[in-house]
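Me: Hi! I have a structure to go through with you. Could you take a look?

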Amino acid sequence: MKKNQRVILDSVHFDLIIKRLAHQLIENHSDSTSTVLLGLQPRGIYLAERLKEELLSINKKFKIELGALDITFYRDDFRRRDHPLIPSETNLDFIIEDKTVILIDDVLFTGRSIRAGLDAMLAFGRPKRVELLVLVNRRYERQLPIQAKYIGKNVHSVSSERVKVSWKQIDGEDKVILYTPANE
Amino acid sequence: MNKLSVNHLLGIKYLNKQDIELIFETASHFKNVINRPIKKVPSLRDLTIANLFFENSTRTKLSFELAEKRLSADIVNFASSSSSVTKGETLIDTVNNILSMKVDMVVMRHPNPGTAYFLSQHVNAKIINAGDGAHEHPTQALLDGFSIIEKHGSLKGKNIVIVGDILHSRVALSNIFLLQKMGANVKVCGPLTLIPKYITSLGVEVITDLKKALNWCDVAIMLRIQLERQDIKYFPSLREYTMLYGLDKQLLDSLKKKITIMHPGPINRGVEITSDVADSKQSVILEQVENGVAVRMAALYLLAGKID
């Protein structure tokens with residue numbers, strides 16, 4: 001099937017959004033020792049890394065813990081997919097008990113990954129509070145009652161469309177592309 | 001490659017190198033999971049697994065049970081000593097009865113070689129072989145390979161010697177298949193009466209001198225003398241076996257390099273290895289047990305992914 005693609009976020013706006021999200025985080029979390037960042041594998045970790053850098057460049061004293069969380073074994077679609085998913089590394093070498101955890105992912109769509117992320121996170125302890133931060137919030141087709149507190153960009157898309165986030169760190173360029181199946 | 005090429009885990013013989021690598025990779029993630037405060041993941045919560053043990057086992061049975069529970073599967077256990085098998089029921093009947101209770105996977109140990117394969121041809125469930133006679137014990141070989149990689153970085157080019165009762169050992173055969181598929185060099189060492197006649201056709205060299213064998217290897221897998229499978233006398237006395245093929249601290253310290261000592265258990269202390277060797281820093285026997293749970297979780301998880 002042929003697909004049309006449209007850049008909905010270029011590197012300039014991308015950068016602005018990361019800066020804004022970082023400022024929002026600092027505004028709400030003045031104490032960096034009681035808040036931790038937790039990026040969801042595989043692609044939420046890039047956003048988490050960038051936010052950590054940005055937070056440090058705003059305030060050198062804002063040294064926040066950063067972890068990566070793999071959710072593969074907690075997904076609810078195991079055995080419902082054609083191919084089992086390959087797990088990624090979980091890297092969480094600090095305590096989340098009684099902390100405020102900022103759960104970070106690149107795209108919020110059905111909400112199921114975040115649901116699995118919440119379960120995976122609870123295996124490490126009971127945080128005081130959990131907040132969700134996403135770069136792209138796909139407004140429609142949510143399947144679970146999950147909403148993000150911090151949103152980079154709202155996108156109005158339907159389920160046949162696909163949103164892909166590219167990262168400078170691994171893909172060479174920051175951008176968000178919306179793929180729409182071509183009408184034929 | 002994120003799918004096994006097989007539908008059952010009957011033996012290492014049926015796996016390819018990619019399958020083995022996939023199991024190792026998945027196992028390393030599960031090892032991470034079982035070291036968390038909460039060691040359980042919900043992956044297999046909608047599956048039921050039957051553990052059928054027609055032969056005694058402590059480690060393997062516990063290890064499978066723990067692996068299944070940590071994947072949140074429901075399990076039923078069966079031991080032949082307390083079942084209708086003693087009343088004359090056939091294997092197929094026993095298993096079909098258990099399957100009609102809607103079981104999705106079967107983990108089976110049986111004293112007869114080939115039973116796991118036989119079962120896979122006749123029942124509609126995923127089968128994991130937990131040891132069939134003197135044939136194969138695939139999860140043991142997988143956990144041994146995984147433990148060697150953890151200690152030595154890789155299997156490729158490593159020298160591994162298997163010492164002892166090769167003739168009656170399913171662990172030896174599965175290990176030979178696995179280690180060779182992963183590019184390691186394998187030799188066996190033991191009295192000739194306990195070495196199978198056709199072992200050289202697998203490309204495995206036989207050494208009868210233990211010290212020579214240990215000086216060659218990076219890793220030594222010590223096996224137990226399986227007296228319960230020996231219908232005739234294969235060597236004059238256990239004492240003589242220990243003198244020629246037992247590993248003690250003196251011999252270990254006299255070697256040119258520090259080798260790794262492994263043992264699938266149960267250990268007969270003072271026969272194939274002495275206590276000070278089994279408990280020494282060079283021994284990874286308890287690490288093997290820990291890795292066993294992770295490797296079995298990986299095998300169960302990957303096979304469950306193939307259930308329709």
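Reply: Happy to. One term to begin with: a residue is buried if 20 or more other C-beta atoms lie within 10 Å of its own, exposed if 12 or fewer, and partly exposed in between, with C-beta atoms placed from the backbone. The model is predicted, so local features need pLDDT of at least 70 and side-chain atom pairs pLDDT 80 or more, while totals for chains, interfaces and linings use all residues. Residues are numbered from 1 along each chain as written, and chains are lettered from A and ligands numbered from 1 in the order written.

Me: Thanks! Is B:G164 buried or exposed?
Reply: B:G164 is buried, because 31 other C-beta atoms lie within 10 Å.

Me: And where is B:G164 found?
Reply: In chain B's loop between β5 (159-163) and α6 (170-181); helices (H or I, at least four residues) and strands (E, at least two) are DSSP runs numbered from the N terminus.

Me: What is B:G164 in contact with?
Reply: Beyond neighbours within four places in sequence, its contacts include B:G190, B:M222, B:Y245 and B:E272. Contact means C-beta atoms, placed from the backbone, within 7 Å.

Me: Switching to chain A: how many helices and strands?
Reply: Chain A has four helices and eight strands, in the order β-α-β-α-β-β-α-β-β-β-α-β.

Me: How much of chain A is buried?
Reply: 40% of its 184 residues count as buried.

Me: And what box do the C-alpha atoms of chain A fill?
Reply: Roughly 55 × 40 × 30 Å, along the principal axes.

Note on methods
Contact = placed C-beta atoms within 7 Å.
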